[in-house]
Amino acid sequence: MSSHLLDHIQAQGDGRRLCRARIPSALLADPGRIPVETDGFAHIDLTLADSKIVGLDPAGQDVDQGCDLAGAIILPVLADIHTHLDKSYIGRRVTNPDNSLLGAVRATTSDHENWTEDDLWTRADFALRCAYAHGTAYMRSHLDVLGGQSNTVWRTMARLRDEWRGRIELQFVAMAPLGFYLDEGASGFAGRAAEHGALLGGVTVLRNVPAAEMDNKLVNALNALFGHARTHNLDIDLHVDESLDPGATTLLSVADATERHNWQGRVTCGHCCSLSQMDDEQREAILARCSMAGISLVSLPLVNTWLQDRRTNRTPTRRGIAPLLEARAHGIPIGLASDNCGDPFHPFGDYDLMEVLREGTRTAQLSERSPDWVESVTTVPASLMGADVRLRVAGGADFIVFSARSLEEMLTRPQYDRVVFRSGRSLRQPLPSFAELDRVFAGDRVGLQGLR
């Protein structure tokens, strides 16, 4: 990243007073007294003391005692609500020859034998340092904790959560195939998730079930899942309908189960790609039911555009992005998230939610001028994770300054001249070099103490 903006801020009192900045008004906790322009942005002067915001005022003309940002954009810290820390970067070790979803599952399963504490720590800590440098402060990670690697994953991730507390607040989701919740071992699995303060989740695909039995098995499996969630008072976060089959309507069944078990507002559904292939009437009916059930949707544009509609030697024509505009019209909370980075599901990604926002904007043709969709990587996912990242007087001075003066500029160069403020201080936090991971995949794993 360029350091021009950081040098400018640090040369003028390390940003104790930031003048003439712009922020989407919805990202202010108390926007009422700040004039809002027609583009939805408020012009503000921000005063910091220690780790707090002590002044948040309409932008004035006196910039002599502060750092003049000249219209640069400020956003709250970022919240990445759907990731897979335990899988991060294993694509250097295992391959997915056909780049299919099922191929990715198989490749990842084959790598579980390599998931020692050192291996998991090295890869996940690297991922968190990337996210932190980009401005992420909250993250939810789905974990493969069904199988022989489960104890190691739980132990390592719990230590990482403790180690990173105060920088990135981590939440976990215990993943299992939906049908597993009908098995005897599901009770212990749910109890283990509860011990770690995790959510219950998994993939809603039911495999090897005859078509005539599918509907009944789905209802029973969802009832079992929600039953375990109620027993342990756990929220639910699921991978739902990650395909381009217009007949994949598990999302509707999840909405029904949510209302049946009175779990409204406590269920998040990721992917939901099949909605993009339905006719208007069917899609709108499902979205209306999700709205009534208080279900939140998370779209993963980087991974879904990479995996969906993939056939050899043919350019994809169907992108598999959930209908974001239509879901928002129903009042459904929507988050955009990183999902997989550097693994068999997706060989790219840098845990940068601004990249996710840019690609989501392009692929789903979201408005490039309205600041509304910035909420999908800041306030909305943060709220779903129990946090409020809006800027407020007496609140924590945690935010990001971009040299960009408009959304078009910000999304054109999302990594250019970005300064992250945490606890009132600008970070000079370089992105870690991928060369750091060489020692893991070469077999020379580093001890935990050496990585801190």
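The structure is a predicted model, in which local features need pLDDT of at least 70 and side-chain atom pairs count only at pLDDT 80 or more, while totals for chains, interfaces and linings use all residues. Residues are numbered from 1 along each chain as its sequence is written, and side-chain values use heavy atoms, with hydrogens and water left out.

Helix H2 spans residues 101-111. Helices (H or I, at least four residues) and strands (E, at least two) are DSSP runs, numbered from the N terminus. Five residues of H2 are named here as buried: Gly103, Ala104, Ala107, Thr108 and Asp111. Buried means under 20% relative accessible area, exposed means over 50%, and partly exposed lies in between (1.4 Å probe, protein chains only). An α-helix has 3.6 residues a turn, so residues three or four places apart point the same way. Strand E7 (136-144) is included in what covers the buried residues of H2. At the start of H2, a side-chain oxygen of Ser100 comes to within 2.9 Å of the backbone nitrogen of Gly103.

On a 1 Å grid over the protein atoms alone, a pocket is an open set of points where a 1.4 Å probe fits, with protein on both sides within 12 Å along at least five of seven lines; lining residues have an atom within 4 Å of a point. The largest pocket is lined by 39 residues, and Pro177, Val203, Thr204, Val205 and Arg207 are the closest to its centre. Two or more lining residues come from each of H2, strand E8 (169-177), strand E9 (199-203), helix H6 (211-232) and helix H7 (250-260). H2 gives the largest share of the lining, with 4 residues.

Helix H11 covers residues 353-363. Its buried residues are Leu353, Met354, Val356, Leu357, Arg358, Gly360 and Thr361. At the start of H11, a side-chain oxygen of Asp352 lies within 3.0 Å of the backbone nitrogen of Met354. After H11 comes Gln365, with a positive phi near 55°.

Ser338 sits in the loop between strand E13 (334-336) and H11. Ser338 counts as buried, at 2% relative accessibility. The side chains of Ser338 and Asp80 form a polar contact of 2.6 Å. A polar contact is a pair of N or O atoms within 3.5 Å; within protein, one must be able to donate a hydrogen and the other to accept it, and residues adjacent in sequence count only if both atoms are side-chain atoms. Leaving out residues up to four places away in sequence, Ser338 touches Asp80, His82, Thr83, Val303, Tyr351, Asp352, Leu353 and Val356. Contact means heavy atoms within 4.5 Å.

His134 lies in helix H3 (residues 117-134). His134 is buried, at 0% relative accessibility. Its side chain makes a polar contact of 3.0 Å with that of Asp350.

The whole structure holds 0 disulfides. A disulfide is a pair of cysteine sulfur atoms within 2.5 Å. For Cys269, the nearest cysteine sulfur is that of Cys272, 5.3 Å away. For Cys290, the nearest is that of Cys269, at 6.4 Å. Cys269 is buried, at 0% relative accessibility. Cys290 is buried too, with a relative accessible area of 0%.

Tyr89 is not a glycine, yet has a positive phi of about 70°. Tyr89 occupies the loop between strand E6 (78-83) and H2, and is buried, with a relative accessible area of 4%. Ala394 also has a positive phi, of about 75°, although it is not a glycine. Ala394 belongs to the loop between helix H12 (379-384) and strand E14 (399-402), and is exposed, with a relative accessible area of 56%. Asn262 lies in the loop between H7 and strand E11 (267-271). Asn262 is exposed, with a relative accessible area of 54%. From Asn262 to Ala198, the separation is 64 residues in sequence and 20 Å in space, C-alpha to C-alpha.
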